[in-house]
Amino acid sequence: MKQDNWITRKIKLLFKILLRFFRGKDVPEYEMQMRWFSSCNEGDLIWASMPMSKKELKKIEDSHRVRPYLIVSKNDKGLVGYQCSSKESIRLKGSETVVLEAGEPLQKKTWINLTKEYQIPIKNLRGIPHKINLIKRSEIETRIASIYKEKNFTQNLLNGGWKREKGDMIYYQFGYWIVLKHYYKKLTLGRIYDQKGKNLIPIKIAGNRYYFDKQNILVIDEYIRTNAIVRASKHEMNVIANKLAKEDKK
């Protein structure tokens with residue numbers, strides 16, 4: 001009986017190995033890398049082999065040659081990002097790094113080195129992108145902006161961070177807003193509250209209930225610094241748009 005169980009386990013293991021092998025054959029590696037590239041956005045973490053020459057890579061342990069990168073932009077050559085490590089560097093000041101605790105979203109505690117950007121070719125990608133929560137992203141943006149300021153960079157501070165998108169709930173001018181529209185370097189914001197009020201429309205953002213003031217709409221430049229809180233799903237934004245359309249018809 002024990003021998004039968006042993007044979008069954010071996011057959012199952014062999015089947016799993018063969019399944020992984022043939023699944024890998026179904027989709028060419030470069031096609032998978034293009035999928036990962038297409039789905040990766042600014043602010044995501046993605047695993048990639050280090051974009052270095054063979055001579056430089058010889059100085060690095062094999063197990064450390066593939067690591068996560070925090071992506072800040074995309075271009076026709078691939079992705080641009082900051083290198084991450086599961087070990088803290090004694091050469092960097094605290095202001096030059098951001099720490100992601102275990103589970104945010106990687107398994108290990110991760111240090112992001114914000115002092116140097118790397119151009120990562122698409123062929124170097126090694127996995128699907130991982131999302132960072134918006135509160136941590138906002139912290140990273142602020143840290144990048146302070147580094148840019150210290151170096152006296154002339155470009156806008158947000159060139160080192162991320163632009164706001166439709167559906168973002170943000171904190172701006174001592175209040176909460178939701179980005180209704182992003183058009184030609186402008187953001188259209190709608191004022192929201194966490195308590196009921198006269199003429200306020202109930203909406204949901206990231207599963208939580210808020211109240212929208214259709215009379216309080218604001219248009220600002222996309223580069224004005226704001227703190228991100230959460231992001232509404234596409235379904236939630238569709239519901240909000242339908243509610244506003246019904247209100248306009250009244």
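Author: Let us begin with contacts, which are heavy atoms within 4.5 Å. Among contacts in the protein chain between residues at least 6 apart in sequence, 62% join residues at least 24 apart. This is a predicted model, in which local features need pLDDT of at least 70 and side-chain atom pairs count only at pLDDT 80 or more, while totals for chains, interfaces and linings use all residues. Residues are numbered from 1 along each chain as its sequence is written, and side-chain values use heavy atoms, with hydrogens and water left out.

Reader: How many helices and strands does the protein chain have?

Author: The protein chain has five helices and 11 strands. Helices (H or I, at least four residues) and strands (E, at least two) are DSSP runs, numbered from the N terminus.

Reader: Why is Cys-84 called buried?

Author: Buried means under 20% relative accessible area, exposed means over 50%, and partly exposed lies in between (1.4 Å probe, protein chains only). Cys-84 has a relative accessible area of 1%, and therefore counts as buried. Cys-40, at 0%, is likewise buried. Buried residues make up 36% of the 250 residues in the protein chain.

Reader: Which residues does Lys-204 touch, not counting residues up to four places away in sequence?

Author: With that exclusion, Lys-204 touches Arg-209, Glu-236 and Ile-240.

Reader: How do you know that the structure has zero disulfides?

Author: A disulfide is a pair of cysteine sulfur atoms within 2.5 Å. A search of the whole structure finds zero disulfides.

Reader: What is called a nonpolar core?

Author: The name denotes a set of buried Ala, Val, Leu, Ile, Met, Phe, Trp, Tyr and Cys residues joined through side-chain atoms within 4.5 Å. Of the 15 residues in the largest nonpolar core, Ile-46, Tyr-69, Ile-71, Leu-79, Ile-120 and Leu-125 touch the most other members. Helix 2 (29-39), strand 1 (45-49), strand 2 and strand 5 each supply at least two residues of this core. Apart from this core lies another, of 14 residues, among them Val-72, Tyr-82, Cys-84 and Leu-106.

Reader: What makes a space in the model a pocket?

Author: On a 1 Å grid over the protein atoms alone, a cavity is a set of points where a 1.4 Å probe fits but cannot get out, whereas a pocket is an open set with protein on both sides within 12 Å along at least five of seven lines. The largest pocket has a volume of about 740 Å³, a volume being the space filled by probe spheres set on the points, which are joined across faces, edges and corners. Lining residues have an atom within 4 Å of a point. Of the 24 residues that line the largest pocket, the closest to its centre are Arg-67, Cys-84, Ser-85, Ser-86 and Lys-87. Strand 5 gives the largest share of this lining, five residues.
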